[in-house]
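Please consider the structure shown below before reading on.

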Amino acid sequence: MLRERMQYLLDRYFQGICTEEEKQELARGINDLKDDELLKQLVGNSWERFQPTDTMPAAVSERIQAAVLPVEGKVRPIWSRKWMAAAASLLVIVSAGLFFIKKPGQLQQKTRMAEHTRYKNEVPAGGNKAMLILGDGTVIELDSAANGLLTQQGNARIVKLPNGQLAYEMNESGSGEVMFNTMRTPRGGEYRLQLPDGSKVWLNAASSITYPNIFTGDTRSVEITGEAYFEVAKDAARPFKVQAGNMKVEVLGTHFNINAYPGEPVIKTTLLEGAVRIQDAVLKPGQQASLATNGQFRLEDDVETDEVMAWKNGFFQFNDADMPTVMRQLENWYDITVAYEGRVPQRSFGGAIQRSLPLSKVLDILEENNVRFKIEGRNITVMK
């Protein structure tokens, strides 16, 4: 591809006006370009002209490095942070082809061989899937339900919006019989919910939230399992409370993430904006509270919030994660069963991978860390 054409496509991309066909052309051009220095220059030119700020997430370097240059154990820095910010944006939007920027021939050939010899039944990425269990026991499969009104429950209209989100629309009276509903995502599913008070919830795979069809009294209380991200509607007169296992979180109006999967050693609440109270501690943005099964409570400052929120933003993101930690996330998202042949490999993973990739692509990237996988349908065996 001519340099001028590449610059034109990059300019259009960073302006947000690139068509799908142009995105695909851009991805192919990036993969075919032999001159890495030229690619950095072209991306940097467009980034400077059309991006309003040079700021970027703290973990962008790991995201790019994991995508373009996997190495044994941990990931090492290879490019300037400004270049990596631009490349991260492209990585998210254009296509999985950008995983091959640095070593296109080698990685593409490896992937083709792996697919031909081992991935006869490809496992797709998870998607927008959940069920709604009403207070009377009625079950609605949300991923197959048509958009629009699903049911009327007291004075609450439960609707599925065109973007796939579930929402509660209250009549003017705002009263009526209180019934408790549960939204549950399977392994391989995620879903968004707008609660009756306007608070927004993102459910990760294999998670659930139980809540009333209308909030009454002086508190707003919900209960979750698994992982959920909240953007709570402000209401100083009615604190918002979340029960997650044996952790209780109280907020007034804030953005936070709770990870409370069964089997994980601790329950974690990470604050992004506002303030929350857990036990006697009031968290500030950037802090994370952990509660172990033995009751031990810990408060950590300056956590990598990008890593915590990666799932909501479409990534797996790891920072010195061991093999079981990585594979538990894959189990939930791809609805697979993982076993180990012999002892668990002692590996450390750093970086990010798109959650939209099929399982074969993710395993190929992980295999750059000197580990092998045997695939039999949805049963994955980890080998040294």
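Predicted model: local features only at pLDDT ≥ 70, side-chain atom pairs only at ≥ 80, totals over all residues.

Q: Which element supplies the largest share of the lining of the largest pocket?
A: At least two lining residues each come from β14, β15 (266-273), β18 (288-292), β19 (297-300), α7 (305-308), β20 (315-321) and α8 (323-334). By class, the lining comprises 14 nonpolar, twelve polar and ten charged residues. The largest share, seven residues, is that of β20.

Q: How many charged residues are in the lining of the second largest pocket?
A: The second largest pocket holds about 180 Å³ of space. Of the 14 residues lining it, K241, V242, Q243, K248 and V249 are the closest to its centre. Two or more lining residues are given by each of β11, β12, β13 (247-251) and β16 (276-278). By class, this lining has five nonpolar residues, four polar ones and, as charged residues, five.

Q: Which strand pairs with β11 in the parallel sense over five bridges?
A: Strand β9 (residues 200-203) pairs with β11 (residues 220-231) in the antiparallel sense over four bridges, and W202 stands opposite Y229. The pairing of β11 with β14 (residues 255-260) is also antiparallel, over six bridges, with E227 opposite N259. In β11, V222 stands opposite V242, and the parallel partner over five bridges is β12.

How values were computed. Residues numbered from 1 in each chain as written. Heavy atoms only, no water. Pairing = 2+ DSSP bridges. Nonpolar A, V, L, I, M, F, W, Y, C, P; charged D, E, K, R; others polar. 1 Å grid on protein atoms, 1.4 Å probe; cavity = no way out; pocket = protein on both sides within 12 Å on 5 of 7 lines; lining within 4 Å. Points joined across faces, edges and corners; volume = space filled by probe spheres on them.
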